[in-house]
Each structure stands twice: as C-alpha cells, then as structure tokens.
Amino acid sequence: MVIVMKSVASQRDIDYVVRRAQSLGLKAHISAQNGQTLIGVTGDIKGLDPKSLTGLRGVEQVRAMTRPFRLASREFKSERTVVTVRGREVGGDGIVIMAGPCSVETRDQIVRTAAGCAEAGATFFRGGAFKPRSSPYAFQGLAEEGLALLAEARELTGMPIVTEVLSSEQVPLVAQYADVLQIGTRNMQNYMLLHAAGETGMPVLLKRGMMSTVEEFLLSAEYILSHGNPNVLLCERGIRTFETYTRNSLDINVVPALKELSHLPVIVDPSHATGKASLVKAVSKGAIAAGADGLIIEAHHDPERAWSDAFQTISIPRLAELTDEVDAIARAVGRAVVREPLAQSTA
Ligand code: PEP
Ligand code: MN
C-alpha cells in the first residue's frame with residue numbers, strides 16, 4: 001500500500017509511520033511527489049488494516065496497490081522517474097542516445113569508436129567487457145582489461161559508461177568502472193544479480209527477457225527497486241517470436257504499455273531487436289515516436305570487422321544520420337535528442 005503524507009507533515013510524522021510499518025515486519029520506501037512524501041509499504045500486508053494508518057498524524061490518504069509490482073508502478077508514483085547519470089538525465093524531456101560496440105575489443109577500437117559516437121550525437125557509451133555469448137566458443141569479452149578501456153573512453157569523451165554485468169559475484173568489479181550496470185536479457189530473472197545490482201544504488205539498465213511478459217519484466221525491476229535502488233531503466237530489446245527474418249521482434253506495444261504501468265524510463269535497443277544494421281534507423285524512429293526515452297545502439301568505427309554482432313552494428317556516419325532523423329521525430333512529439341553533455345558531474 002501507499003501512504004500519502006500531507007504536504008505539511010513533519011519529519012517526525014513520517015518517521016512515526018515508517019517505524020509503525022517496520023514494527024509490523026514491513027519495509028517502507030520513501031519517495032516524494034508534488035511536495036508530498038509517499039511511503040510505499042511492502043511485505044506481507046495482509047494483516048494490516050489501512051484504517052489503522054489513516055488516523056495517524058500527517059497522513060492524508062492510504063491507497064492499496066493492485067499491481068503485483070508495487071514500487072515500479074504508477075500506483076505508487078504517478079510522476080515519471082528521471083534517472084541522473086553524471087549530470088545527464090534519462091527519462092526527462094530529452095531523448096538520450098547510448099551507442100558503442102557490442103564488445104570491447106582493442107584500445108584502438110574503443111578510442112576510435114568512442115570519439116566517433118560522441119561526435120555523432122551519442123551521450124552515453126556502451127560496450128561489453130563480459131559477454132553472454134550463446135556459444136561457449138565465441139569471444140567472451142576482455143573482462144577487467146575491457147572495463148579499463150571503457151574507463152579510458154569516458155576520460156576521453158566524458159560519456160558515461162553502460163556495460164554488462166553477468167553475475168552477482170561480478171557486481172563489485174563492474175561497479176568500479178561502470179556508470180550504468182547493464183543486466184542482459186538472459187539474466188532478467190537472475191534474482192541474485194538483481195538483488196546485488198539493487199544494493200549498489202547505481203543506475204541499472206534492465207533488459208527485458210526475450211521470453212518475458214510485461215508483468216515478469218516489471219517484477220524483475222521491482223527486485224532492484226525493493227533493495228533500495230530507484231535508478232532503474234527499462235530496456236525493450238525484442239522478444240522471440242515465430243519470425244526468423246529478424247533476430248527478434250521489437251515489441252513496440254510495450255513502450256506505451258510500460259509508460260502506462262510504470263514511472264520508470266524506457267530505452268529501446270533496435271540493434272538486438274532487429275539483428276540487421278539496415279533496419280536499425282527506421283526502428284529507432286518508431287521507438288521514439290511510440291514514447292521511448294532513449295535508444296541503445298551498437299555502433300563501431302569498422303562495423304564489418306566487429307568481433308560480435310557485426311550484422312546489426314552500424315557505422316559512425318550512419319549513427320550520425322540516425323541521431324539527426326531521430327531528433328526530427330523527437331521534435332514532432334515535443335522532445336529533442338540531448339546532445340550537449342552537462343559540464344557538472346553529479347555522479
Ligand atoms: C548486448 O547488449 O550486447 C546484449 C548482449 O544484449 P541482450 O542481453 O539484449 O542480448
Ligand atoms: Mn550485442
């Protein structure tokens with residue numbers, strides 16, 4: 001349930017409600033909206049009579065939450081969440097472009113690709129140092145050496161780093177280098193990993209499981225949120241269907257559906273959704289028209305020679321073209337691509 005405090009409620013009133021919830025073995029999650037404090041109460045609330053809370057000092061209203069995902073839902077928080085990463089906002093009015101190679105390969109590749117992506121209008125740099133490959137014989141990533149190269153790319157361009165973490169054991173290492181922890185489609189229901197990512201408090205880009213429903217997706221986000229981390233970005237990257245022409249099928253429905261159900265920012269990955277470089281630009285435009293807050297795109301200074309996902313990786317000139325066309329679509333829906341990084345770091 002959500003306890004909406006009056007705007008005049010004092011800190012003591014809030015603390016009292018929190019302690020009351022905790023004394024019943026429940027967890028209290030605080031957030032603010034329109035100058036009012038909201039206290040989300042989670043746990044086994046069956047024995048809790050809402051009337052026993054309505055009379056407490058400072059309480060304006062007690063509302064039930066009907067969705068199984070609670071902290072992720074609009075019922076808990078109707079205002080959209082804006083996640084700030086090194087001074088860059090995700091989920092605000094601006095559209096963010098995250099771009100970079102599928103895998104970190106060499107220093108030369110990272111330096112050239114990062115500089116190219118920044119120039120082409122990207123404001124976040126992506127790249128995998130730990131790769132979840134379908135085959136154990138495929139390139140598995142450069143591990144810590146790759147993370148260090150990503151950190152170098154951040155030094156050079158100022159772009160925050162989005163990189164994947166494959167297991168809960170890896171979280172402390174990846175968190176030392178990353179600005180956004182990426183949890184991949186294959187790990188969307190790795191609850192130990194979600195828990196560990198939740199405990200870092202860091203921004204997490206959670207990709208939708210390739211066979212997961214919207215409810216399962218939001219329940220996975222809920223794992224991160226329920227461990228005290230409000231900085232979750234939802235990422236639609238295509239789901240498995242009967243279609244084989246494309247690698248996956250982008251579920252465009254899910255963009256407005258997630259916006260309706262949740263306050264969290266939505267990012268679309270047209271690269272893994274299509275698996276084809278030639279389709280990435282058109283699908284990117286569709287995603288922004290449907291209400292996505294940003295895109296994560298595989299780009300490389302020499303895409304044909306990419307060590308992984310070469311088919312779906314676009315060149316730097318194509319990324320620049322994409323950014324311009326996406327900006328035109330964004331402006332048609334009252335938004336714009338964020339191009340200038342903010343000078344001040346808030347990370
Ligand atoms: C990736 O972003 O390179 C990746 C492996 O994505 P996904 O988990 O969506 O397959
Ligand atoms: Mn990839």
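At what angle do the axes of helix α3 and helix α4 cross, and within what distance do they come? The legends below take this up first, using a predicted model.

**View 1. Helix α3 against helix α4.** The axes of α3 (residues 107-119) and α4 (residues 144-157) cross at roughly 35° and come within 9 Å. The crossing of α3 past α4 is right-handed. On the α3 side, the contact is made by Arg107, Ile110, Val111, Ala114, Ala115 and Ala118. On the α4 side, Leu149, Glu152, Ala153, Leu156 and Thr157 make the contact. Sorted by class, the residues of this contact are eight nonpolar, one polar and two charged.

**View 2. The manganese ion (ligand 2) and its protein donors.** Four side chains are shown: Cys102 (SG), His272 (NE2), Glu298 (OE) and Asp309 (OD). Along the chain, their spacing reads C-x169-H-x25-E-x10-D. Cysteine 102 and aspartate 309 link distant parts of the chain, 207 residues apart. Cysteine 102 sits in the loop between β7 (94-100) and α3. Aspartate 309 sits in the loop between β14 (294-298) and α11. Cysteine 102 has a relative accessible area of 4%, under the 20% cut-off, so it counts as buried. Aspartate 309, at 18%, is also buried.

**View 3. Alanine 320 in helix α11.** Helix α11 spans residues 316-332 and includes alanine 320. The relative accessible area of alanine 320 is 27%, so this residue is partly exposed. The C-alpha atoms of alanine 320 and cysteine 117 are separated by 8.0 Å. Along the chain, the two residues are 203 residues apart.

Note on methods
Residues numbered from 1 in each chain as written. Chains lettered and ligands numbered in written order. Predicted model: local features only at pLDDT ≥ 70, side-chain atom pairs only at ≥ 80, totals over all residues. Heavy atoms only, no water. Helix = DSSP H or I, 4+ residues; strand = E, 2+ residues; numbered from the N terminus. Buried < 20%, exposed > 50% of the residue type's maximum accessible area, 1.4 Å probe, protein only. Axes fitted to C-alpha atoms, helices over the stretch in contact; angles between N-to-C directions. Left-handed = near helix turned anticlockwise from the far one by under 90°. Contact = heavy atoms within 4.5 Å. Nonpolar A, V, L, I, M, F, W, Y, C, P; charged D, E, K, R; others polar. Donors = N, O, S within 2.8 Å, 3.2 Å for Na, K, Ca; no water.
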